[in-house]
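Please look through the structure below with an eye to its rings, its strands and its core. The paragraphs after it take these topics in turn.

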Amino acid sequence: QVQLVESGGGLVQAGGSLRLSCAASGRIFSLNAMGWYRQPPGKQRELVAQMSSGGTTSYADSMKGRFTISRDNPKNTVFLQMNSLKPEDTAVYYCNLEQSTWNQRYNYWGQGTQVTVSS
């Protein structure tokens, strides 16, 4: 099993910044992808950014240039630096870890951390 513990959410004014952290523990494979998803109020969960253990990144278009994902592989920790925050960035942000064996895919989620951006 894998456990993900997020931190760093909170309340910030529009234009401000926050940094989210997520530490993974448990049975973690060397090849994996860690990332962040978010779920705004009344909407579906959506991808924010993802980074593989090899360093490949992907971002949702609306976050490009404002959000930066990074990892500390030895510590199995992923970060999300969020700058120029907007009220529409208000959401619960979830950490995610994906890894696979030859015949099975595993997908793990953190408990979520609230980010609220005031106008």
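The charged end of Arg45 is placed over the ring of Tyr94, 3.7 Å from the ring centre. Arg45 also lies over the face of Trp109, at 4.5 Å from the centre of that ring. A charge is said to sit over a ring if NZ of Lys or CZ of Arg is within 6 Å of the ring centre and within 35 degrees of the ring normal. The model is predicted, and local features need pLDDT of at least 70, side-chain atom pairs count only at pLDDT 80 or more, and totals for chains, interfaces and linings use all residues. Residues are numbered from 1 along each chain as its sequence is written, and side-chain values use heavy atoms, with hydrogens and water left out.

A pair of aromatic rings is described by the distance of the centres and the angle of the planes. Rings of Phe, Tyr and Trp (its six-membered ring) pair if their centres lie within 6.5 Å; planes under 30 degrees apart count as stacked, over 60 as edge-to-face and the rest as tilted. How many aromatic pairs does a search of the whole structure find? The search finds three. One of them joins Phe29 and Tyr106, edge-to-face, with 6.2 Å centre to centre and 80 degrees between the planes. Phe29 lies in the loop between strand 3 and strand 4 (33–39), while Tyr106 is in strand 10 (residues 105–109), so this pair ties together parts that are 77 residues apart in sequence. Strands are DSSP runs (E, at least two residues), numbered from the N terminus. Phe29 is buried, with a relative accessible area of 19%, whereas Tyr106 is partly exposed at 22%. Here buried means under 20% relative accessible area, exposed over 50%, and partly exposed in between (1.4 Å probe, protein chains only).

Tyr37 and Trp109 have ring centres 5.0 Å apart and planes at 70 degrees, so they too form an edge-to-face pair. This pair links distant parts of the chain, with Tyr37 in strand 4 and Trp109 in strand 10, 72 residues apart. Tyr37 is buried, at 17% relative accessibility, and Trp109 is partly exposed, at 35%. Phe29, Tyr106 and Tyr108 form one aromatic cluster.

Strand 10 also takes part in a hairpin with strand 9, with four residues between the two strands. Their pairing is antiparallel and runs over five bridges; two strands count as paired if DSSP finds at least two bridges between them.

Strands of a sheet pair through backbone hydrogen bonds, either parallel or antiparallel. An open sheet of four strands has the order 1-3-8-7, and the pairing is antiparallel. Strand 1 (2–7) and strand 7 (67–72) stand at the edges with a single partner strand each, so one side of each has no neighbour in the sheet. The twist from one strand to the next averages 15 degrees, taken between axes that are lines fitted to C-alpha atoms, with angles from 0 to 180 degrees between N-to-C directions. Strand 1 is joined to strand 3 by six bridges, and Gln3 stands opposite Ser25 in strand 3. Six bridges also join strand 3 (residues 18–26) to strand 8 (residues 77–82). Across these two strands, Leu20 faces Leu80 and Ser21 faces Phe79.

Leu80 belongs to the core as well. A nonpolar core is a set of buried Ala, Val, Leu, Ile, Met, Phe, Trp, Tyr and Cys residues joined through side-chain atoms within 4.5 Å. The largest one has 28 residues, and those with the most contacts inside it are Leu4, Trp36, Leu80, Met82 and Tyr93. At least two residues of this core come from each of strand 1, strand 3, strand 4, strand 5 (46–52), strand 7, strand 8, strand 9 (91–100) and strand 11 (113–118). Not counting residues up to four places away in sequence, Leu4 touches several residues, including Cys22, Met34, Cys95, Tyr108 and Trp109. Contact means heavy atoms within 4.5 Å.

Two loop residues remain. Gln44, in the loop between strand 4 and strand 5, is exposed, with a relative accessible area of 70%. Lys86, in the loop between strand 8 and strand 9, is partly exposed at 35%. Neighbours within four places in sequence aside, Lys86 is in contact with Arg66 and Val117.
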